[in-house]
Amino acid sequence: MDADKGLKNNIQDSKVLLVIPCYNEESNVLSLYESIQKALPFAGMVVDVLFIDDCSNDKTRDVLIENDMPHIALAVNLGIGGAVQTGIKYASQYNYDWVIQMDGDGQHPAEELSIFFETAIMQNPDLIIGSRFLEKMGFQSTRLRRTGIGFFRALIRRLTGVAVTDPTSGFRMLGRKTIERACEYYPDEYPEPEILLDCLLRGFKVREIPVEMKERQGGISSIRSFFQVYYMMKVSLSMFFQYLRFRLNN
Amino acid sequence: MEFTLELLSVSITLVLLFIVFRLILKGRLRAEYSIIWILCSAVLMIFSLWREGLDIIAGFLGIYYPPALLFLGAILATVVFLLHLSVVSSKFQNQIKDLTQEMGILKKKLEELGKGENEK
């Protein structure tokens, strides 16, 4: 089975969809698109880019259309999770082997993509998480956010016994199994720790790789920067029920 | 005095029933949501006409002030109905999300088809 996969990687290129959710990112999307094109191609991978405009109030959509960037424009604002899931559903319908999600605000540099591709080819995991804490390079986030990240790290370790250094990282790569699962289940806001827990509970192969992140490049930060405590409570509660549901069903 | 009170509660119940029926007839209230309102009206009607009933049940439950039983019932019914509405709105939110995503993907497919046509 695994040998088949390896063979496939050698003979035929894997199809990768780069899903980039953006909400009010008119000043970031074009430079991001250009930096992605500079970082490609990568041997063994056919990479398509797909921006998801989550019903922005600014000119994001116009920028996407004017520059002929491949995108899906949502008619209603769905939140980051709903936007990413749109891309994942698209990938599932068009039989992509991998989905990479990266934020539209320039936090996730395109130069780091090659490490994802390499890890995918070499190890073939179900979920690859780009961690800014594995080698402590680049922007290390604010103190408040680091506290929140530490909390989720401890919670996931308590529930699954697995140590993940950056459970809230939105820079990740999903394999086929995770893509199919994420089509069914993907929370609307702050989805990263919940999806990670879901994958770990299901026994999916999760790998972390060191990446360098930047401070966001411009535009107005999404709602995720505010209401930290509210989201921590909401996500913890939802993770608790997810764990309970899994325990009751298995 | 007793009779006036009975008349008042019966007419309030009738007005409530009338409004519910009218809303269903005009298609502004789905039949499944109207069940709870019809049941509520029925309970109100029973106790409007059979006033000793309230005293008997309250006495049986050890409630000293019988109208308090009515309040208890009303509050419980409200809480249950609000919970039901939260469930309904969660369902709607999911459906809207699925529809929006499906629509976005279809729009993209349509654009791609359009591009293909132009090139031919």
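1. The side chains of K89(A) and D98(B) meet in a salt bridge at 3.2 Å, N to O, the term standing for a side-chain nitrogen of Lys or Arg within 4 Å of a carboxyl oxygen of Asp or Glu. Between chain A and chain B the count is two salt bridges.

2. This is a predicted model, in which local features need pLDDT of at least 70 and side-chain atom pairs count only at pLDDT 80 or more, while totals for chains, interfaces and linings use all residues. Residues are numbered from 1 along each chain as its sequence is written, chains are lettered from A in the order in which they are written, and side-chain values use heavy atoms, with hydrogens and water left out.

3. Chain A brings 19 residues to the contact and chain B brings 14 residues, where contact means heavy atoms within 4.5 Å. About 1400 Å² is buried between the two chains, 53% of it on carbon and sulfur atoms; this is the accessible area (1.4 Å probe) that two parts lose on being put together, summed over both.

4. In chain B, helix α3 spans residues 51–61, and its residues G53(B), L54(B) and A58(B) are buried, that is, under 20% relative accessible area, against over 50% for exposed (1.4 Å probe, protein chains only). These three lie on the same side of α3(B) because they cover an arc of only 125° around the axis, taken from the directions from the helix axis to the C-beta atoms. E52(B), I56(B), G59(B) and F60(B), on the other side of α3(B), are exposed; helices here are DSSP runs (H or I, at least four residues), numbered from the N terminus.

Key: Helices (H or I, at least four residues) and strands (E, at least two) are DSSP runs, numbered from the N terminus.
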